[in-house]
Amino acid sequence: MKILVTGAYGQLGSELKDLSDKFPHWEFFFTDWDSLDITDENAANDFFEEHKPGFVINCAAYTAVDKAETDTHSALKLNTFAPGVLAKAAKVYEAGFIHISTDYVFDGKSFNPYSEIDTVNPEGIYGKTKLGGERSCRGENKNALIIRTSWLYSAYGNNFVKTMLRLGQERDSLKVVFDQVGTPTYAADLARTVLAIAEIYDTNREKFIPGIYHYSNEGVASWYDFAKNIFEITNTDCRVSPVLSVEFPTPAKRPHYSVLDKSKIKNTFNLEIPYWKDSLKICLNKIQKNN
């Protein structure tokens with residue numbers, strides 16, 4: 001099976017690249033903005049015609065949450081329009097299709113883990129354009145599979161873990177918000193899950209059930225808890241103080257609560273999901289080895 005991965009320079013794309021060696025029976029095409037413009041329908045169709053991928057994993061996204069509030073056009077193109085382009089091409093060429101979405105499709109006002117049937121109500125441009133992408137995918141391709149995830153981090157790219165490690169070296173103390181609660185997700189764990197689902201598509205297509213799914217690591221944390229654990233695991237001598245979000249106003253409003261209920265994805269695809277602290281230790285070891 002040939003697999004097209006878009007957004008290959010990002011966190012999830014990079015983790016998929018790392019894992020691709022474990023799937024020698026597949027041929028991977030890792031693309032990003034410089035090799036395939038997924039906002040261009042003709043370019044996408046030409047790529048599908050030439051390479052004929054049997055499966056597509058769309059990791060590409062406009063993820064600058066605050067910048068999206070003013071750069072709406074770019075966010076719409078990449079988060080809403082492009083997923084529809086890929087979903088349509090996948091349908092035409094009879095390829096399996098996975099699209100990655102976000103917890104930002106919810107307003108964060110719940111106090112129960114969000115399930116796939118809960119009402120969506122994004123409050124910022126990023127969340128609204130990502131929800132638009134979900135709807136584009138499903139409108140173009142009823143066999144699309146969408147995975148919403150949250151608080152993604154890895155040894156690659158820019159993310160909260162790497163920011164905390166840098167600030168922990170530069171400062172004696174930090175203030176981190178404790179009134180935003182969710183679950184950190186190690187991109188390598190999500191990548192393994194995505195490839196496990198692709199394997200199901202390749203070997204037992206009847207068990208590939210399209211629709212919307214939620215995936216994050218297990219457990220619950222605030223950003224304060226997350227930072228505390230990063231410093232404890234790495235023995236970083238930096239004092240962390242919990243503060244309210246109002247002390248750090250941002251252009252885009254963050255969900256105060258975005259814990260995801262993973263029951264559906266676990267039951268449908270027989271998955272076991274690691275606990276967030278265990279995965280954080282693995283990622284931090286990888287970062288320290290790379291440095």
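1. Basis of the note. The model is a predicted one, in which local features need pLDDT of at least 70 and side-chain atom pairs count only at pLDDT 80 or more, while totals for chains, interfaces and linings use all residues. Residues are numbered from 1 along each chain as its sequence is written, and side-chain values use heavy atoms, with hydrogens and water left out.

2. Overall fold. The chain has nine helices and 12 strands, where helices (H or I, at least four residues) and strands (E, at least two) are DSSP runs numbered from the N terminus. Its radius of gyration is 19 Å, close to the 19 Å from the globule rule for 291 residues, so the chain is as compact as a globular protein of that length; the radius is taken over C-alpha atoms, and the rule is 2.2 Å times the number of residues to the power 0.38. The C-alpha trace spans about 55 × 40 × 35 Å along its principal axes.

3. Among contacts (heavy atoms within 4.5 Å) between residues at least 6 apart in sequence, 84% join residues at least 24 apart.

4. Surface and charge. The accessible surface comes to about 13,600 Å², of which 49% belongs to carbon and sulfur atoms, by the Shrake-Rupley method with a 1.4 Å probe. There are 33 positive and 38 negative side chains, and the centres of the two sets lie 2 Å apart; Lys and Arg count as positive and Asp and Glu as negative, whereas His and the chain ends are not counted, and each charge is placed at NZ of Lys, CZ of Arg, CG of Asp or CD of Glu.

5. Positive phi values. Most residues other than glycine have a negative phi. Trp151, in the loop between strand S5 (145–149) and strand S6 (152–153), has a positive phi near 50° and is buried, with a relative accessible area of 10%. Asn235, in the loop between helix H7 (223–233) and strand S12 (239–243), has a positive phi of about 55°, but this residue is exposed, with a relative accessible area of 70%.

6. Cysteines. A search of the whole structure finds zero disulfides, that is, pairs of cysteine sulfur atoms within 2.5 Å. For Cys238, the nearest cysteine sulfur is that of Cys283, 18 Å away, and Cys238 is buried at 8% relative accessible area. The sulfur of Cys283 has its closest cysteine sulfur in Cys59, at 17 Å, which is too far for a bond; Cys283 is also buried, at 0% relative accessibility.

7. Helix H7. The buried residues of this helix are Trp223, Tyr224, Phe226, Ala227, Asn229, Ile230 and Phe231. The elements that cover them include S6, helix H5 (160–170), strand S7 (173–177), strand S11 (221–222), S12 and helix H9 (276–290). Asn235, with its positive phi, comes just after H7.

8. Thr31. This residue lies in the loop between strand S2 (27–30) and helix H2 (41–51) and counts as buried at 5% relative accessibility. Leaving aside residues up to four places away in sequence, Thr31 touches Leu4, Val5, Thr6, Gly7, Ala8, Leu36 and Phe47.

Definitions and conventions. Buried means under 20% relative accessible area, exposed over 50%, partly exposed in between (1.4 Å probe, protein chains only).
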